[in-house]
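Biologist: Please bring up the entry, and let us work through it by question and answer.

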Amino acid sequence: MATCEECGEKLVGERGCSYCQGTFCQHHQLPEKHDCPGVKNLDQTGHRFDSGFDGLP
Ligand SMILES: [Zn+2]
Ligand SMILES: [Zn+2]
């Protein structure tokens with residue numbers, strides 16, 4: 001069973017970060033929540049990541 005790489009929570013369904021290919025729970029799925037190495041690469045190339053999920057509780 002897959003587990004969140006950030007907190008170890010068991011995942012019911014496969015959740016993958018499209019930037020670093022890591023598996024994370026709903027709380028850590030966003031690149032900014034798990035210090036995603038993929039986002040750092042994007043920043044270096046001039047692209048900006050906009051999650052659009054700032055309204056989560
Ligand atoms: Zn987690
Ligand atoms: Zn990531």
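Biologist: Is Thr-23 buried or exposed in this model?
Modeller: The model is a predicted one. Thr-23 lies in the segment before helix 1. Buried requires a relative accessible area under 20%. The relative accessible area of Thr-23 is 18%, so this residue counts as buried.

Biologist: Which backbone oxygen lies 3.2 Å from a polar atom of the Thr-23 side chain?
Modeller: Contacts of Thr-23, leaving aside residues up to four places away in sequence, include Cys-4, Glu-5, Leu-11, Glu-14 and Arg-15. Thr-3 is also one of the residues touched. The oxygen at 3.2 Å from a polar atom of the Thr-23 side chain is the backbone oxygen of Thr-3.

Biologist: What are the protein donors of the zinc ion (ligand 1)?
Modeller: The donors follow the spacing C-x2-C-x17-C-x2-H along the chain. They lie 1.9 to 2.4 Å from the zinc ion (ligand 1). The donors are Cys-4 (SG), Cys-7 (SG), Cys-25 (SG) and His-28 (ND1).

Biologist: Why is the arrangement around the zinc ion (ligand 1) tetrahedral?
Modeller: Four donors count as tetrahedral if all angles lie between 85 and 135 degrees. Ideal angles for four tetrahedral donors are 109.5 degrees. The arrangement around the zinc ion (ligand 1) is tetrahedral because its four donor atoms subtend angles of 100 to 114°.

Biologist: How many residues apart are Cys-7 and His-28, which link distant parts of the chain?
Modeller: Cys-7 is partly exposed, at 42% relative accessibility, whereas His-28 is buried, at 18%. Both Cys-7 and His-28 lie in the segment before helix 1 (37-44).

Biologist: What spacing do the donor residues of the zinc ion (ligand 2) have in sequence?
Modeller: The protein donors here are Cys-17 (SG), Cys-20 (SG), His-34 (NE2) and Cys-36 (SG), at 2.1 to 2.3 Å from the zinc ion (ligand 2). The site is tetrahedral, with angles of 106 to 112° among the four donor atoms. In sequence, the donor residues are spaced C-x2-C-x13-H-x1-C.

Biologist: How many residues apart in sequence are the parts that Cys-20 and Cys-36 tie together?
Modeller: Cys-20 counts as partly exposed at 25% relative accessibility, and Cys-36 counts as buried at 3%. Cys-20 and Cys-36 each lie in the segment before helix 1, so the pair ties together parts whose separation in sequence is 16 residues.

Biologist: How many disulfides does the structure hold?
Modeller: A disulfide is a covalent bond between the sulfur atoms of two cysteines. The cut-off applied to a pair of cysteine sulfur atoms is 2.5 Å. The number of disulfides in the structure is zero.

Biologist: Which residues form the largest nonpolar core?
Modeller: Cys-25, one of its members, is buried with a relative accessible area of 1%. Beyond residues up to four places away in sequence, Cys-25 touches Cys-4, Cys-7, Glu-9, Leu-11 and Arg-15. The eight residues of the largest nonpolar core are Ala-2, Cys-4, Leu-11, Cys-17, Phe-24, Cys-25, Cys-36 and Val-39.

Biologist: What separates the C-alpha atoms of Leu-30 and Ser-18?
Modeller: Leu-30 has its place in the segment before helix 1 and is buried, with a relative accessible area of 13%. Leu-30 and Ser-18 are 12 residues apart along the chain, and the separation of their C-alpha atoms is 9.5 Å.

Terms used:
Residues numbered from 1 in each chain as written. Chains lettered and ligands numbered in written order. Predicted model: local features only at pLDDT ≥ 70, side-chain atom pairs only at ≥ 80, totals over all residues. Heavy atoms only, no water. Donors = N, O, S within 2.8 Å, 3.2 Å for Na, K, Ca; no water. Tetrahedral: all angles 85-135°; square planar, octahedral: opposite > 155°, others 65-115°. Helix = DSSP H or I, 4+ residues; strand = E, 2+ residues; numbered from the N terminus. Buried < 20%, exposed > 50% of the residue type's maximum accessible area, 1.4 Å probe, protein only. Core = buried A, V, L, I, M, F, W, Y, C linked by side-chain atoms within 4.5 Å. Contact = heavy atoms within 4.5 Å. Polar contact = N/O pair within 3.5 Å; in protein donor to acceptor, adjacent residues only side chain to side chain.
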